[in-house]
Amino acid sequence: MNAWVIATNTFGEALRKRVLNVFLLVAIILIILSNAFAFFTTPQQGNRVELTVVRSMGLGVIVLAGLVMSIFLGMDLIPTDIEHRTIYTILSKPVRRYHYVAGKFLGAALTLALNLGLMGIFFVGVVTYKAKTFQPELLVGVLMIYLQFVLLGAVAVFFSIFLTKNINVALTFFVFVVGTLSEYWKSVANLAKEQPVIQFLARMVHLIVPNFNNFNMANPLIHPERMQEIPNFAGYVAKTAAYGILYTALLLILASIVFERKEV
Amino acid sequence: MALAIRTNGLTKTYKVFGQKRTVVAVDHLDLEVEEGIIFGFLGPNGAGKTTTIKMLLGLIFPTEGEGWILGKPIGDISVKYQISYLPESPYFYEHLSAAELLDFYARLFGIPAGERAKKIDQLLTLVGLPKDNKPLREFSKGMLQRAGIAQALINDPKLLFFDEPTSGLDPIAHIDIRDLILRLREEGKTVFLSSHQLSDVEMVCDRVAILNRGKLVKIGNVEELRAGTEIEMVVESPDDGTAEELRRLALRAVPQETRLLLYHSDENVIGHMIDIVRQRKVRLISVTPQRRSLESIFLETVRGDQT
């Protein structure tokens with residue numbers, strides 16, 4: 001119950017952050033403008049290529065905005081409460097520390113949902129207008145992007161318990177890059193059979209760092225003809241969503257354990 | 001009488017980053033605070049007052065020792081329904097109005113919606129804050145302090161921790177808050193008051209403890225501590241050298257336009273100061289025994305502990 005009280009308050013607080021509002025506005029403008037960028041294609045290339053431009057640009061903008069927003073929210077919420085000493089009046093009330101962490105994270109996740117949701121609506125709207133047909137897979141794609149950045153937000157929240165904001169931003173971004181290259185580390189582990197140290201390290205990175213690449217459905221979404229590359233689309237989405245939710249939960253449990261002994 | 005607060009050897013040390021040495025913030029503090037009183041917690045800056053309060057509230061953890069709040073070990077979540085805290089210079093979520101802020105804190109206590117609205121209305125009236133939607137970012141320091149006091153009363157606590165509740169307030173707000181603290185005692189609540197405003201503490205507190213460099217150096221009832229006399233010696237403004245010498249000997253010195261007021265509780269020291277005044281041919285205006293003030297007790301205790 002207290003986690004929800006903190007979450008709704010955090011959501012209200014985050015909605016008033018000008019940086020996020022500006023980001024949302026710019027992102028929506030770029031998504032709408034993607035239609036105009038499509039005119040740069042030659043008439044011979046036709047509507048199919050125009051649609052590819054609109055889809056790539058829209059998804060790219062949502063990913064970029066999600067990346068910035070999730071890191072910004074995750075690294076900022078708890079340290080700001082500590083810096084401003086607002087946390088004193090919260091933790092001196094009957095609020096369990098793990099409720100506080102969960103509430104702050106949930107507030108960030110709600111904020112991200114609203115922002116990415118709005119971008120997603122505009123994106124799907126622009127593509128539907130251009131293609132004259134509604135493609136529900138695009139909504140699933142936006143949902144995957146959301147889950148990906150909820151997970152990255154959890155990474156930032158976890159680091160925010162014990163790292164400074166600047167180091168947190170750098171490290172969370174690094175984790176995102178390393179996690180996006182997860183399949184690469186797997187290949188390295190498979191290929192480096194004669195170098196056990198490299199093989200071990202690559203395997204560990206592949207296993208421990210969240211695999212953000214799983215959430216990346218840009219290719220089949222931009223080129224719908226490649227949708228067959230994912231044989232069981234529903235199963236893949238469910239499995240990836242479950243992976244994201246479980247990993248996020250694990251990170252929040254770890255964050256709560258560390259925060260339980262943190263002096264504020 | 002039941003105890004609101006009890007500590008046994010409560011200690012907090014900090015490791016200095018990059019060094020082997022540790023800093024002792026609170027040193028084996030044994031404290032007993034009875035229920036229903038206003039307890040003054042005094043000490044110079046860095047004495048360990050806020051550290052002690054933060055340990056009692058479970059915001060930081062003791063390195064050694066233990067403590068109980070209303071009979072429960074510190075950190076026990078159930079006791080937090082009965083306590084409240086007003087930190088020094090509080091900072092709240094700026095986007096909220098005073099009523100929304102109180103609603104947020106009331107929800108943390110699980111107070112039902114109907115009761116919340118009634119309580120918020122009463123508290124805003126009590127502390128004299130507007131009931132409109134003006135966000136806290138537009139509040140003055142005094143108004144923020146009033147909001148802080150209102151949040152500390154939202155759960156009708158039995159024990160209140162106030163850390164410098166009157167710092168930075170104008171005289172009217174200052175008096176209002178002092179009166180409110182007295183009213184809380186009339187309602188049977190315990191107030192743990194950490195303050196530098198010695199005149200306030202003297203006026204409202206039943207009992208005081210003086211902390212210096214993390215150690216408890218004096219504790220007692222205000223009336224008991226003030227028993228006995230101190231001597232006020234008034235001289236015509238002496239030259240700088242004599243004034244400096246007299247100031248060093250006195251417990252406290254108050255320069256006025258044409259006079260210098262010197263205080264000490266030891267007759268021998270006063271006698272020595274009179275000798276100096278005579279030798280330097282400075283005019284002695286009066287020597288008067290008077291009741292000791294908390295200020296002189298505080299200075300005597302802290303300076304005595306430092307020498």
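A salt bridge is a side-chain nitrogen of Lys or Arg within 4 Å of a carboxyl oxygen of Asp or Glu. By that rule, 1 salt bridge is counted between chain A and chain B. The model is predicted, so local features need pLDDT of at least 70 and side-chain atom pairs count only at pLDDT 80 or more, while totals for chains, interfaces and linings use all residues. Residues are numbered from 1 along each chain as its sequence is written, chains are lettered from A in the order in which they are written, and side-chain values use heavy atoms, with hydrogens and water left out.

**Stop 1: the interface**

Select B:K12 and A:E263, which form a salt bridge with the closest N and O atoms 2.6 Å apart. Next, display the whole contact (heavy atoms within 4.5 Å), to which chain A contributes 28 residues and chain B 27 residues. Buried area is the accessible area (1.4 Å probe) that two parts lose on being put together, summed over both. Between chain A and chain B it is about 2,700 Å², 60% of it from carbon and sulfur atoms. Colour A:K93, A:P94 and A:E263: together they supply 23% of the area that chain A buries against chain B, more than any other three residues.

**Stop 2: the chain A side**

Helices (H or I, at least four residues) and strands (E, at least two) are DSSP runs, numbered from the N terminus. Select α1 (2-15), α4 (86-91) and α5 (97-131) of chain A; each supplies at least two residues of the side that touches chain B. The largest share, 7 residues, comes from α1(A).

**Stop 3: the sheet of chain B**

Now show β12, β13, β11 and β14 of chain B, which form an open antiparallel sheet in the order β12-β13-β11-β14. Two strands pair if DSSP finds at least two bridges between them. Because β12 (252-255) and β14 (284-291) of chain B stand at the edges with a single partner strand each, one side of each is left without a neighbour in the sheet. Inspect β11 (residues 229-236) and β13 (residues 259-264) of chain B, an antiparallel pair with 6 bridges. Within that pair, B:V234 stands opposite B:L261.

**Stop 4: the helices on the sheet**

Angles run from 0 to 180 degrees between N-to-C directions, with axes fitted to C-alpha atoms, for helices over the stretch in contact. Finally, select helix α9 (residues 267-279) of chain B, which lies across β11, β13 and β14 of chain B at about 10° to β11(B).
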